[in-house]
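Thanks for coming. I have one structure to go through today, and I will keep to how its pieces pack. Please look at it on the screen first.

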Amino acid sequence: YDVDGDFCVFDPSLNKSDPAKYPTVQDVAGESLHCGEHRYTMPLAEVARAVRKQDGASSKRIGVKRLPVSGLLFHEGYSGAGLLSNALTTFDSTLVISEHDALSEALAACDTLQNRYKVDNCSSAKQQQLVRDIVTLLSRTSETHMENVRNVDKLYLKLQGTSAAYLPTLRSLYLSAPWLFVYRNAEHALAKHMDRKRSKACIKKRRNPSSALSSKSKENEVDLETITHHEVCALHLASLLGVAFHEHEESHTGMLLSYDEHVKGNVDGFVDIILPYLGLQNEIDADPAAVRERVEGILSVRSNTSTRLNPEDHVWNGETIEVSEEVENAVKVFMSQEIESIARV
């Protein structure tokens with residue numbers, strides 16, 4: 001593959017100091033002067049080859065280790081998945097890389113080439129190698145430069161919401177890693193996506209749809225170019241629900257989590273079911289009271305409050321979501337089948 005990568009120096013474990021303040025890798029990198037002003041661009045394949053060569057020479061790997069992918073977190077966006085990744089971050093044994101652009105772009109690469117450049121012969125093998133190389137780079141930690149990773153032995157990847165369309169692709173590369181998908185009340189999900197500050201990313205799917213969204217539009221016999229913004233986003237969310245449900249049913253793997261039933265305020269669910277499923281039972285058994293306290297803390301605060309002036313805004317007191325008639329109609333027309341399917345799980 002012929003892809004350039006932007007590189008800069010930052011501490012990916014910074015989110016351990018305050019998970020709510022640094023919920024994504026962009027928030028973490030934003031604290032790095034090097035990432036802000038001194039990034040450099042290099043051919044990604046060359047970097048990956050150099051890394052593999054270095055990793056193959058064990059005598060030169062002092063202080064550097066590669067973490068196994070221990071869990072994959074997918075979601076439909078604005079559905080509470082950040083609470084799970086923030087809870088994972090609080091363990092000494094974990095490193096959470098959340099919503100990294102490079103991984104999302106690599107997963108969508110073939111669809112992007114088809115949509116923007118009409119390239120029909122994108123190599124799935126090369127794309128998979130690109131994804132593997134990016135994950136390899138993300139999985140390498142340096143004990144010399146990052147004090148917080150000395151006890152880390154697990155890597156968790158939280159994907160961007162749109163990347164759930166590529167759940168089967170990523171899961172096929174890391175079959176031993178447990179995965180989960182977080183969703184929420186369909187009307188609330190679409191209303192959140194249609195918020196003026198957020199709708200741009202959702203509406204972009206009109207011109208650059210995933211294969212799953214393209215299939216969903218054909219199934220519904222609609223043209224993405226002619227339907228409303230609400231309908232495009234409803235179809236997009238339906239496609240993500242459909243991919244997750246199908247993968248769960250076909251592979252008999254994964255965990256489908258409703259925000260309202262399994263995530264929101266559910267300390268017991270986190271400690272007794274979700275975190276053990278993600279491979280953290282030993283850590284929980286070592287100090288269950290401390291784990292419970294940390295989870296309670298995560299569930300009680302808002303994410304990314306670093307720019308809020310009022311300290312009281314840091315506390316989570318619930319939310320009021322206004323559902324418009326356009327949202328109600330779009331959900332009814334384009335999401336009913338997926339809602340019924342996933343509710344049966």
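This is a predicted model: local features need pLDDT of at least 70, side-chain atom pairs count only at pLDDT 80 or more; totals for chains, interfaces and linings use all residues.

Five strands make up an open sheet, and their order is 5-7-4-8-9. The pairing is parallel. In general, strands of a sheet pair through backbone hydrogen bonds, either parallel or antiparallel. The edge positions here belong to strand 5, residues 94–98, and strand 9, residues 255–258. Each of these two has a single partner strand, so one side of each has no neighbour in the sheet. If you ignore direction, neighbouring strands of this sheet are turned by 20° against each other on average.

Which strands does helix 7 lie across? Helix 7 lies across strand 4, strand 5 and strand 7, and runs at about 125° to strand 7. Helix 12, residues 229–251, lies across strand 4, strand 8 and strand 9.

Next, what helix 7 does with helix 3. Helix 3 covers residues 44–56 and helix 7 covers residues 124–139; they pack at an angle of about 55°, and their axes are 10 Å apart. That angle makes helix 3 oblique to helix 7. The crossing of helix 3 past helix 7 is left-handed. On the helix 3 side, the contact has Leu44, Val47, Ala48, Val51 and Arg52. These meet Gln129, Leu130, Asp133, Ile134, Thr136 and Leu137 in helix 7. By type, the contact residues are seven nonpolar, two polar and two charged.

What does aspartate 133 form with arginine 52? The two form a salt bridge, with the closest N and O atoms 2.9 Å apart. Since aspartate 133 is in helix 7 and arginine 52 in helix 3, the pair ties together parts that are 81 residues apart in sequence. Over the whole structure, the search finds 13 salt bridges.

Back to helix 12, which has two helix partners to go through. The partner I take up now is helix 18, residues 336–343. Helix 12 and helix 18 pack at about 30°, with axes 9 Å apart. They are therefore roughly parallel to each other. Helix 12 passes helix 18 in a left-handed crossing. From helix 12, Ala238, Leu241, Gly242 and Phe245 meet Glu338, Ser341 and Ile342 of helix 18. Those residues divide into four nonpolar, two polar and one charged.

The other partner is helix 17, residues 325–334. Its axis and that of helix 12 come within 9 Å and cross at roughly 45°. Helix 12 and helix 17 are therefore oblique to each other. Here helix 12 makes a right-handed crossing. His230, Glu231, Ala234, Leu235 and Ala238 of helix 12 make the contact with Glu326, Val327, Ala330 and Phe334 of helix 17. That contact comprises six nonpolar residues, one polar and two charged.

I can take questions now.

Methods. Residues are numbered from 1 along each chain as its sequence is written. Side-chain values use heavy atoms; hydrogens and water are left out. Axes are lines fitted to C-alpha atoms, for helices over the stretch in contact, and angles run from 0 to 180 degrees between N-to-C directions. Helices (H or I, at least four residues) and strands (E, at least two) are DSSP runs, numbered from the N terminus. Angles under 35 degrees count as roughly parallel, over 145 as roughly antiparallel, 65 to 115 as roughly perpendicular and the rest as oblique. A crossing is left-handed if the near helix is turned anticlockwise from the far one by less than a right angle, and right-handed if clockwise. Contact means heavy atoms within 4.5 Å. Ala, Val, Leu, Ile, Met, Phe, Trp, Tyr, Cys and Pro count as nonpolar, Asp, Glu, Lys and Arg as charged, and the others, Gly among them, as polar. Two strands pair if DSSP finds at least two bridges between them. A salt bridge is a side-chain nitrogen of Lys or Arg within 4 Å of a carboxyl oxygen of Asp or Glu.
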